[in-house]
Amino acid sequence: MARNTPEKREQRRQRAAEALKERQAAERRRKMLTIGGVVAALVAIVAIIFGITQAMDTTGETPDNVPSVAEDPAADAEGDAVPGKLDGYGILVGDPEAARTVTIYEDLQCPACANLEAELGDEISEAIDAGEIQVDYRLLSFLDRASTNDYSSRALNALLVVLDTAGIDAFRAFHDDLYANQPAEGGPGFDDDELIERAVEAGAEESEIRADIEDKVYEQWIKNATDQMSKDGVNSTPTIRIDGEDADPQQLAELLQQ
């Protein structure tokens, strides 16, 4: 039997260290390939949706209804819910004292936005929950023409109704569900009944949301929010800003890995 000499222990230590370095290098290569894939997919799709902003409403009509953020009863009791509030057309999610603020302009019918959420959504949520970032969601609608039943604006209206009646946790769950199950372009999106069913699964009460979803109560607010996007110089989605500076998905991914 070989003796467990100091030389042999040192050889085993070196082999273990080399194996660890190889695994770490492989993981870095995997992450960079993923990020590169996200960027490539986004570039291809963003090129398609450029210029669609001509369909925006520019009347500036004052909306009859403005959404708010419902308080979560559980948050009052436990005090550990993720903070959230509405600031103009921004839905701020996360600790206001977080070191970094990430602004994301999204359309719920936008395939590139769904790609971004699929690739980085979990990391974004984890960073919010850890208090590392605050996300300023700027949700817009200029892709109604991509479905046969105005899915983009109806889905956003439903999401705002959930925010208004059920709070941030339900909003986050519904937002993530709508992107994970985004209808294909060119056909009908979810009808009102399916939007309501999914909203209830996310935490909303049907009795509190059905009428406002069916009546599309935030239609004018959504038009004005989309108009503001153009005034802000945003011409495509997803548009990302980190601490107010334009950024791409790779820069966001790198921030989330820190």
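Student: Leaving aside neighbours within four places in sequence, which residues is Thr239 in contact with?

Tutor: This is a predicted model. In it, Thr239 is in contact with Thr103, Ile104, Tyr105 and Val234, once neighbours within four places are set aside.

Student: Where is Thr239 found?

Tutor: Thr239 sits in strand 5.

Student: Is Thr239 buried or exposed?

Tutor: Buried. Its relative accessible area is 14%, and buried means under 20%.

Student: What lies 2.7 Å from a polar atom of the Thr239 side chain?

Tutor: The backbone oxygen of Ser236.

Student: OK, strand 5. Which strand does it pair with in the antiparallel sense over 3 bridges?

Tutor: Strand 5, residues 239-242, pairs that way with strand 6.

Student: Zoom out. How many strands form the sheet, and in what order?

Tutor: There are 6 strands, in the order 1-2-4-3-5-6. The sheet is open and its pairing is mixed.

Student: Which are the edge strands?

Tutor: Strand 1 (84-87) and strand 6 (245-247). Each of them pairs on one side only.

Student: And what does the twist average from one strand to the next?

Tutor: It averages 25 degrees.

Student: Let's go to strand 1. What about Leu86: which residues is it in contact with, leaving aside neighbours within four places in sequence?

Tutor: Leu86 lies in strand 1. With those neighbours left out, it is in contact with Pro67, Val69, Ile91 and Leu163.

Student: Why is Leu86 called partly exposed?

Tutor: Because its relative accessible area is 22%.

Student: How far apart are Leu86 and Asp136 in space?

Tutor: They are 9.2 Å apart, C-alpha to C-alpha. In sequence, 50 residues separate Leu86 and Asp136.

Student: New topic: helix 3. What span should its 19 residues give?

Tutor: At 1.5 Å a residue, helix 3 (residues 111-129) should span 27 Å. Its end C-alpha atoms are 26 Å apart, so the two values agree.

Student: Where does helix 3 bend?

Tutor: At Leu120, by about 65 degrees. Leu120 is also one of the buried residues of helix 3.

Student: Which other residues of helix 3 are buried?

Tutor: Among them are Pro111, Ala112, Cys113, Leu116, Glu117, Ile124 and Ile128.

Student: What comes just after helix 3 with a positive phi?

Tutor: Gly131. Its phi is about 75 degrees.

Definitions and conventions. Residues are numbered from 1 along each chain as its sequence is written. This is a predicted model: local features need pLDDT of at least 70, side-chain atom pairs count only at pLDDT 80 or more; totals for chains, interfaces and linings use all residues. Side-chain values use heavy atoms; hydrogens and water are left out. Helices (H or I, at least four residues) and strands (E, at least two) are DSSP runs, numbered from the N terminus. The expected span of a helix is 1.5 Å times one less than its number of residues. The bend at a residue is the angle between axes fitted to the seven residues ending there and the seven starting there. Buried means under 20% relative accessible area, exposed over 50%, partly exposed in between (1.4 Å probe, protein chains only). Two strands pair if DSSP finds at least two bridges between them. Axes are lines fitted to C-alpha atoms, for helices over the stretch in contact, and angles run from 0 to 180 degrees between N-to-C directions. A polar contact is a pair of N or O atoms within 3.5 Å; within protein, one must be able to donate a hydrogen and the other to accept it, and residues adjacent in sequence count only if both atoms are side-chain atoms. Contact means heavy atoms within 4.5 Å.
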